[in-house]
Amino acid sequence: MKDHLKTSEWGLGLKGHVIIAGPCSAETPEQVEKVCLEMKEQNIIPSMFRAGIWKPRTRPGSFEGIGEDGLKWMEIVRHHLNIPITTEVGNTAHVELALKHKVDVLWIGARTTVNPFAVQEIAEALKGTDIPVMVKNPMNPDLQLWIGALERLHAVGINKLAAIHRGFSDAYDKRFRNKPNWSMPIHLKREWKGMEVINDPSHIVGKRDGILEISQRAINFGLDGLMIETHHDPDNAWSDAKQQVTPAQLKDILSKIDFKTPLDSEKPSEKLHDLRSAIDHMDDQLIDLLAERFAVIDQIGAHKREHKLTVFQSDRWKEVMDSRTDKGVKKGLSEKFMKELLFSIHEESVKRQEKQLRAGDPVNKNA
Ligand code: PEP
Ligand code: MN
């Protein structure tokens, strides 16, 4: 394992759950001020204020961000809220301007993370600074690409890194604007110890309804914070109008979320310890049983080899799949899980048996 994946000196160094709020795009100085004042009125002081200055739009012709002027308005945020400011950068010019205007934290957007050339260019422009950078997941669910972007930043000396889960483009599932994939941030946290992953429910859901539900799920899974697009007049926002919430709605969402204590920071209770011991014991049994099952599979393989039978038999496979799935579902296991589990066991069985047949093949005498 690479050294940087083992340390736990990561993250933005902010205590508790990180709450990032602010508009999709900075539009006018008045808009920036109104959002700040309404947040203050609602007594919501987020950990960070977000505002897009350069907007990566799918098609040209819509509002592509206000540009450098917007960075000057960040003084308004400092004046009213006195919190760190974060914006998206997509190329060297953006980085230079963001640094010039003392933006506190940068983020790399989903459309940029997919492109190693672009990420490398941004990383080079950041060399010698120690500005914190958050990396959104790439548009496609490719964990290595996501980690690769974080590594490119790490390689130039950026140590304050965090990731943002904003969901993945999916051509078929239209329930979400970008479908969440909860295993991906969990894998990321597993592979890169200490990595903070913030969830962006706004770009996952794509509309106001459902932001609370997705935020709660992220917290339940142990993600480290939320980035929620917030605008004083969402319906008239210049970008992402459907998904932005007002500061009052943000307050309501945050008050309804049941923020859980991250398990890492707690010593497990006696009860949790006992339950985990029970799981350890069951896992042992599962492994013993699987080993026994594969020993029987080997006997079947030997039999098939002796009688010159093929490995795969579709009727038998269908019968096994259906009967076991049925039984599992009756016991409260999900159909998807049963199918994935059986598929994985079956695939391994078929491979093992084929290996035995291959060893007996005349063309493979030395195999
Ligand atoms: C944004 O945060 O406004 C944005 C453009 O996000 P993403 O890169 O996740 O699409
Ligand atoms: Mn947006």
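Helix 13 and helix 14 are oblique to each other, a word used for angles that are not under 35 degrees (roughly parallel), over 145 (roughly antiparallel) or 65 to 115 (roughly perpendicular). Helices here are DSSP runs of H or I with at least four residues, strands are E runs of at least two, and both are numbered from the N terminus.

This is a predicted model, in which local features need pLDDT of at least 70 and side-chain atom pairs count only at pLDDT 80 or more, while totals for chains, interfaces and linings use all residues. Residues are numbered from 1 along each chain as its sequence is written, chains are lettered from A and ligands numbered from 1 in the order in which they are written, and side-chain values use heavy atoms, without hydrogens and water.

The protein chain has 14 helices and eight strands. Its C-alpha trace spans about 80 × 45 × 40 Å along the principal axes.

Two packed helices are described by the angle between their axes and the distance between the axes. Axes are lines fitted to C-alpha atoms, for helices over the stretch in contact, and angles run from 0 to 180 degrees between N-to-C directions.

| Helix pair | Angle | Axes |
|---|---|---|
| Helix 13 (residues 314-330) and helix 14 (residues 335-360) | about 140° | 9 Å apart |
| Helix 7 (residues 143-155) and helix 8 (residues 183-191) | roughly 50° | within 10 Å |

Contact means heavy atoms within 4.5 Å. Helix 7 meets helix 8 through Leu143, Gln144, Trp146, Ile147 and Leu150, while helix 8 supplies Met184, Pro185, His187, Leu188 and Glu191. In the pair of helix 13 and helix 14, the contact residues include Trp317 and Met321 of helix 13 and Leu342 and Phe343 of helix 14.

Cysteine 24 sits in the loop between strand 1 (18-22) and helix 1 (29-41), and histidine 203 in helix 9 (residues 201-205), so the pair ties together parts 179 residues apart in sequence. Cysteine 24 is buried, at 1% relative accessibility. Histidine 203 is buried too, with a relative accessible area of 9%.

Methods
Buried < 20%, exposed > 50% of the residue type's maximum accessible area, 1.4 Å probe, protein only.
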